[in-house]
Amino acid sequence: MKNSVLNIFDWLLIIGTFVSTMCFAIFGIGINEAVSDYDWWITSIAAVLNIICVVLSAKGSSLNFIFGFIFNLMYTYYCIQTHHFGNAAVYGLVFLPMQIVGWLQWKKLGTTGDSDQVAAKRLSRKQALVVCASSVVIVIAAVFILNAIGGRDVLLDSVLMVLCVIAQVLLTFAFMEQWYLWIFINVLTISMWAV
């Protein structure tokens, strides 16, 4: 990154994710079980990579796509293992290639001033209505598809799948509204994994 450097808050987020993962391992499932559990390693490393990706994305740095690419590979694998096929499809078939598309798009959009930050924009009212209406229609279709292939937590998985794709497209084209979707997606994702 040219002029932008990770500040103390950014480092606290990254280190906090790592520390909370370690605390869960020590106090939740036991350090010996966690360290010998292959899935624990995948999810722990993926969590830290995802936070780095989010921090860099919030700073408007195209480096977020490198960390996003690796995170998406790992999370896709985990979703396949747990039979959350909607999430696996989104992360493997959409997010993974979109990391490359996003990086190229951000390079095309250009940066502001002498930093490497991409200039963000807002959706118009008409664009926002189109996004909302198409989301509802696609979620309904996804419910039927995921039910047909024996998915798990089908309604929640469908909503997450569709909103993740829309949020990724908004991120790729540097629309600010993507942050509202990502926050909502995080709440839903926590709910899904809690179930």
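1. Let's start with a term. On a 1 Å grid over the protein atoms alone, a pocket is an open set of points where a 1.4 Å probe fits, with protein on both sides within 12 Å along at least five of seven lines; lining residues have an atom within 4 Å of a point. Grid points are joined across faces, edges and corners, and a volume is the space filled by probe spheres set on the points.

2. A word on the source: this is a predicted model, in which local features need pLDDT of at least 70 and side-chain atom pairs count only at pLDDT 80 or more, while totals for chains, interfaces and linings use all residues. Residues are numbered from 1 along each chain as its sequence is written, and side-chain values use heavy atoms, with hydrogens and water left out.

3. The largest pocket holds about 1,200 Å³ of space. It is lined by 40 residues, and A47, N50, F71, Y75 and T189 are the closest to its centre. Helix α3 (38–58) gives two or more residues to this lining, as do α1 (8–29), α4 (64–81), α5, α7 (154–172) and α8; helices here are DSSP runs (H or I, at least four residues), numbered from the N terminus. The most comes from α3, with 12 residues.

4. What is the make-up of the lining of the largest pocket? It divides into 23 nonpolar, 15 polar and 2 charged residues. Here Ala, Val, Leu, Ile, Met, Phe, Trp, Tyr, Cys and Pro count as nonpolar, Asp, Glu, Lys and Arg as charged, and the others, Gly among them, as polar.

5. The second largest pocket has a volume of about 190 Å³. Among its 13 lining residues, V131, C132, S135, L163 and L181 are the closest to the centre. Helix α6 (125–148) gives the most to this lining, with 6 residues.

6. Now to the aromatic rings. Rings of Phe, Tyr and Trp (its six-membered ring) pair if their centres lie within 6.5 Å; planes under 30 degrees apart count as stacked, over 60 as edge-to-face and the rest as tilted. This rule gives 5 aromatic pairs. Y91 and F95 are edge-to-face because their ring centres are 4.7 Å apart and their planes stand at 75°.

7. F95 also pairs edge-to-face with W182, at 5.9 Å centre to centre and 65° between the planes. F95 lies in helix α5 and W182 in helix α8 (residues 178–194), so this pair ties together parts that are 87 residues apart in sequence. Ring pairs link F71, Y75, Y91, F95 and W182 into a cluster.
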